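Hi,

Here's the structure I said I'd pass along.

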Amino acid sequence: MTRSLVHRPVATTMSGVSLPLCGQGSFPDIATRLLHWSQDYVIFTISRLQKSSKSQVHSTFFERVRVARCIGEDIAVWVSVRVTITGNCVKKKANSQNKNRRVLGGYKKIGTTFVPPMIHRVGPANYTSWSGQTMPELIWWDVIIDRTSRGFASKVAEEIAKYFKTRDDHECWWAFISDYTRLGTDDMRGLKGHLRQANILTHLNESLLDFLNLYPACPLSKLLDEPPTSIVDVDYLQRFENRMRDLEGKHSRIAVLIQAQAIYMGFMLGKFYVKKGLALADFPEVEKYPATELSRRVGASVCATANMMTGSMLPKYSEDSWVLYFWQRSLELRPLDFTHLENP
Amino acid sequence: MTTDGQIGAFIDAIEARIRQELRIRCEAYQPDFHSPEVFNVVTALLARQATLAIEMASAPQLWNGHSAPLFLRAMTDVHITLAWILLDAKTRARQYIDHGLGQAVLELEHRKKQLESSDVDSREMLEKFISVQEAWINAQKWSFIVDVEIGAWSGKSTRQMSEEAGILDFYNYVYSPFSQCAHSTWYHVGRYNSGPSESPLTRQLWMPHIADSSTDTWNLQLAAKYLDKTFNMFDEKALRRSPSSGIRDWIGDEIQIRFDSSGDKRNSNSALHKQGEAASKDETE
């Protein structure tokens, strides 16, 4: 399942689909066909188009690309796109069409509802909120990185992957906190033993301790030898809250790094492969995100891939017990303050 | 003699009281993280109702037949909307948000269309507007997967919503009359902006005019009454407790205390007063 969702389409995008872009002052008219979408595809498409005369490229196409780019970054969907190149005669027609472009022109009217193109052509998309669900699922990686280093977080990922690689019949990548709710006592004991043997358990637990004291019912608490004390370190809470402010932006550096951590787990588990030449093939470059152009491309692909993961590996928001607990407990830690209503 | 200072102090006191009542309710309401949008929508509507009441209270020059119904109609709308949402909060809060996002997308698309033919001067401003609007939508749901619903947000008429919420009388006696002013129908315009000419010789013609409609504290009391109704409904349906809002009575008492000797009584001749009286006869509210 994981392979079919991630590996095959990425390869297909670049090798299995022939894009009829001739690059000679041509004009693409947009139609859609089923094709897996990724950031790589969008970048590939744009770079090909830029070889042609940009002035002759229909603006609608760029609009579509812009939209698709957002999708590539933020929603795991199967998107259909077919780009048809025609000559200048079509360009004239298209220009006049553009002038008379109707508002919501691409939407499909069903009763009193206008359904957006991406939905009526591709089908309903499950929306997974980054800040509402994915971020709390991956937040432990940031806790580790914050308390130790990215290098140590990578080591943790490698060792967890090593442990599960040979015995794992699960479809998850052990990157999300919810994944650890699946572990029974024996599994957890085995994992702890492995991490202890790798000489990282103590350091890992130390890095997670303040966080687990904030959220004692977190599935990761089982990594500790003793249950968390639940004593809240106010300074840490403030630090954690500040980190979350940064993490809320999905494309912030620290947010991309924790998504990269999840992808790394996929690599380490041998469940995720990338074809040579794709941005993700330069995965280590993400370390420099967002300083270099390549790192930004890699980062965008990381976000897109993380989206695919959430679509297939996370429970529905309303059934995600860790996330529901996280928000409830966060409210207890930082109760809403309504004084502004009385004292504007 | 009522001084500006007395009125100002009275307005400040009203605002403080309303804000306090709002805060108490918001603090008492516990969010359910299975569907956080319920908390977001319900408390927002409560705050909206408080805002309308405060805004109206703070502008005595609007307590007349031309303007007060605009506020009062909006307040009845909020009340009906909240009453209907609370019947099935989880589904309807989501529906309410989705509709609002759809409206934002629709406006966004119109602005993008406008951008195509805009001149250089307005282009920058438009682009900024589009960017801000898009960010607001995307923070909640990606704009390109938002349905645009051009019908009623609930899929029902306000009358149907009122009927389902068991407040049809409120709709008939309050919402509908005040809607006449909001929509400037002949019902309103024929009273406030037109009337038969003086002379029998020209009686066939009605003269346009701007009716004298003086400030009437009755309008303020109506605003307080509808705010009470909304707060009380929230107490019962959302907080599961006895209704406890008494802003209208409090305002009445304050008027007595502060202005009893000032002669600042409601204007019994005002057309709106009659309209307000009709509204006040709704005993089922």
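Let me start with a helix pair: H7(A) and H8(A) cross with a right-handed sense. On the H7(A) side, the contact is made by A:Glu159, A:Ile160, A:Lys162, A:Tyr163 and A:Phe164, and H8(A) answers with A:Asp187, A:Gly190, A:Leu191, A:His194 and A:Leu195. Sorted by class, that contact comes to 5 nonpolar, 2 polar and 3 charged residues.

Before you go further, keep in mind that this is a predicted model.

Back to the geometry. H7 covers residues 150-167 of chain A and H8 covers residues 185-197 of chain A; their axes come within 10 Å and cross at roughly 130°. Angles over 145 degrees would count as roughly antiparallel and 65 to 115 as roughly perpendicular, so H7(A) and H8(A) are oblique to each other.

Now for the two chains. How much area do chain B and chain A bury between them? About 3,100 Å², with 62% of it on carbon and sulfur atoms. Chain B puts 32 residues into the contact and chain A puts in 36.

Across the interface of chain B and chain A, the rule finds 1 salt bridge.

Cheers

Conventions:
Residues numbered from 1 in each chain as written. Chains lettered and ligands numbered in written order. Predicted model: local features only at pLDDT ≥ 70, side-chain atom pairs only at ≥ 80, totals over all residues. Heavy atoms only, no water. Axes fitted to C-alpha atoms, helices over the stretch in contact; angles between N-to-C directions. Helix = DSSP H or I, 4+ residues; strand = E, 2+ residues; numbered from the N terminus. Parallel < 35°, antiparallel > 145°, perpendicular 65-115°, else oblique. Left-handed = near helix turned anticlockwise from the far one by under 90°. Contact = heavy atoms within 4.5 Å. Nonpolar A, V, L, I, M, F, W, Y, C, P; charged D, E, K, R; others polar. Buried area = accessible area lost by both parts, 1.4 Å probe. Salt bridge = Lys/Arg side-chain N within 4 Å of Asp/Glu carboxyl O.
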